[in-house]
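Work through the exercises below with the model open. Try each task before reading its solution.

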Amino acid sequence: MTHTTPDSTPDAPGIPAQPGTQGSGNGTPGPGNGNGSGNGNGTRIRAGRDGDVPVVLAMFDSAVAWLTAQGRTGQWGTRPFTGDAKRTEQVASWLAGGGMRIAEHDGRPASCISVGPAHAYVTPATEPELYVQALVIDRRHAGHGVGRTLLDWAAGEARARGAGLLRVDCYAGDDGRLVAYYESCGFTRLAPFTVGEWPGMLLQRRL
């Protein structure tokens, strides 16, 4: 993610990548700047733009509400991201950094990914890489493979930048479902870690 952690863990990482589904995969968009690339499942990828910060915060709100309803509060807590100054600043930094991409499904924002340098709390890579700093899916668009589409875009972007490695970290608590999702997307486990009491897993995808 990547990534965001419970409010009760102030020293935990940023926003760990959180897909909203383990749905079926789809086509692979090509590398590039993400301005209008897409595939055959009704998904279009575009660069982040002015006005996207509240849109992305709302995606996180939907994910938090869904997790809370299932009693899965260890990852992001129970409070909405919208209205939280720290969360707003974090999402705004992804937009400013140029690594934010939005997947639109049937013309509506459905998912967001941010790529860039690795987080400070994970072991640095020993080769050129691109790092998935965050991934979130609006629950209203779960099941359409938009998360997988963005991860495939990130892999293509890494190759276009001359990197042979794509890494991500995610929440590894509860039943480990999130780790299994990334494994189903072609990632393999590198190492578990903890920040405070927040359990995470670092994964990689060779390109």
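**Surface and rings**

The chain's accessible surface is about 8,400 Å², and 50% of that belongs to carbon and sulfur atoms (Shrake-Rupley method, 1.4 Å probe). This is a predicted model: local features need pLDDT of at least 70, side-chain atom pairs count only at pLDDT 80 or more, and totals for chains, interfaces and linings use all residues. Residues are numbered from 1 along each chain as its sequence is written, and side-chain values use heavy atoms, with hydrogens and water left out.

**Exercise 1.** Find the share of buried residues.

Solution. Set the cut-off: buried means under 20% relative accessible area, with a 1.4 Å probe and protein chains only. Apply it to the 207 residues: 54% count as buried.

**Exercise 2.** Classify the pair Phe 60 and Phe 81, then locate both residues.

Solution. Rings of Phe, Tyr and Trp (its six-membered ring) pair if their centres lie within 6.5 Å; planes under 30 degrees apart are stacked, over 60 edge-to-face, the rest tilted. Here the centres are 4.7 Å apart and the planes 10° apart: stacked. Phe 60 lies in helix H1 (residues 52–69) and Phe 81 in the loop between H1 and helix H2 (85–97), so the pair ties together parts 21 residues apart in sequence. Helices are DSSP runs of H or I, at least four residues, numbered from the N terminus.

**Exercise 3.** Classify the pair Phe 60 and Trp 94.

Solution. The centres are 6.2 Å apart, with 45° between the planes: tilted. Trp 94 sits in helix H2, 34 residues from Phe 60. Check burial: Phe 60 has a relative accessible area of 0%, Trp 94 one of 6%.

Notes: Buried < 20%, exposed > 50% of the residue type's maximum accessible area, 1.4 Å probe, protein only. Helix = DSSP H or I, 4+ residues; strand = E, 2+ residues; numbered from the N terminus.
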